[in-house]
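Okay, thanks everyone, I'll keep this short. Let me put the chain up first and then we'll walk through a few spots.

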Amino acid sequence: MLLRQDISKSLYSGLGAAHFALLFVIWSLLAYGHLVPASLLPTPGEVARTAIEMIRDGSLAEHALVSTFRVTSGFLISAVIAVPLGILMGTWKWAMGFFEPMFGFIRYMPASAFIPLFILWLGLGEPEKIMVIFWGTFFQQVLMVMDVTKNVPIELIEVSYTLGARGFSVFSRVIIPASLPGIVDTLRITFGWAWTYLVVAEIVGASSGLGYAIMHAARFGHTEKIFVCILTIGLLGMITDLIFKFIYNVLFAYQRRGT
């Protein structure tokens, strides 16, 4: 029970599984015990049967693929711009002074508030939905990358100067390598945020996607379909999180933290 003491991987995995099991038990007690109306909380069996039906008719895969494309596109466009810009801001104070105040101001504006403008500017097609995800991710992403970069220990930079490094050499051989682990972690976290904007992105003018399926099911009171789509989004998000953790452990094995 010591603070920040490492635990075994088996214990770590077991604790996570126990948490899922606890939530499942609570859900089952509430649903099967009729403590919550069936119209508000379907049973795990109903959700499982609906999921199987949606898998068999191909609708779940279709919605999931469309949503994955939108989230991934918005995230990648954001990352391609945010990562170099964040590194620039974290390395040179003039860049931070120019960009940070405006980005700090915009990041408090909800992406959903811009949907009417995005529709006017981009129409109701894919660009509008990708833009919502981009807008909801970019400003947080660039500021987090900036923080990671500016927190590179000054001692590393001073030692590199002492050893004769200058200019771009310090940037490429000290700042970038020292920042990369934190940048990969930032990308992992912000990819999760991109998934949270999915329903907002698909709420208007969509005819497919998990967010669309959730809204369509809500109109007809099909709560079991809502649960299937929400759980699918959670599963897809968990898969992307595991992919980023795998990349982190492969690239930065020397910094493994046992998580």
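So, helices here are DSSP runs of H or I with at least four residues, strands are runs of E with at least two, and both are numbered from the N terminus. This is a predicted model, so local features need pLDDT of at least 70, side-chain atom pairs count only at pLDDT 80 or more, and totals for chains, interfaces and linings use all residues. Residues are numbered from 1 along each chain as its sequence is written, and side-chain values use heavy atoms, with hydrogens and water left out.

Let's start with the annotation. An unreviewed UniProt entry puts "domain: ABC transmembrane type-1" on residues 64-248; the position is in the numbering used here, the feature name is shortened, and such annotations may be inferred rather than shown by experiment. That stretch is 83% helix and 0% strand, with its end C-alpha atoms 26 Å apart.

Now the packing. Axes are lines fitted to C-alpha atoms, for helices over the stretch in contact, and angles run from 0 to 180 degrees between N-to-C directions. How do α3 and α4 cross? Helix α3, residues 59-91, comes within 6 Å of α4, axis to axis, at roughly 120°. That makes the pair oblique, the class left over once you take out under 35 degrees (roughly parallel), over 145 (roughly antiparallel) and 65 to 115 (roughly perpendicular). On the α3 side the contact (heavy atoms within 4.5 Å) uses L85, L88, M89 and T91, and α4 brings K93, W94, A95, M96, F99, E100 and F103.

Next, α4, residues 93-106, against α6, residues 126-150: the angle is about 140° and the axes are 10 Å apart. These two are oblique as well. From α4 we have M96, E100, F103, G104 and I106, facing a set on α6 including W135, F138 and F139.

Last, two histidines. Is H19 buried, exposed or partly exposed? H19 sits in helix α1, residues 9-32, and is partly exposed at 49% relative accessible area; buried means under 20%, exposed over 50%, partly exposed in between, with a 1.4 Å probe and protein chains only. Its C-alpha is 43 Å from that of S172, 153 residues apart along the chain.

H34 is in the loop between α1 and α2 (44-56). H34 is exposed, at 68%, and its phi is near 60°, a positive value in a residue other than glycine.
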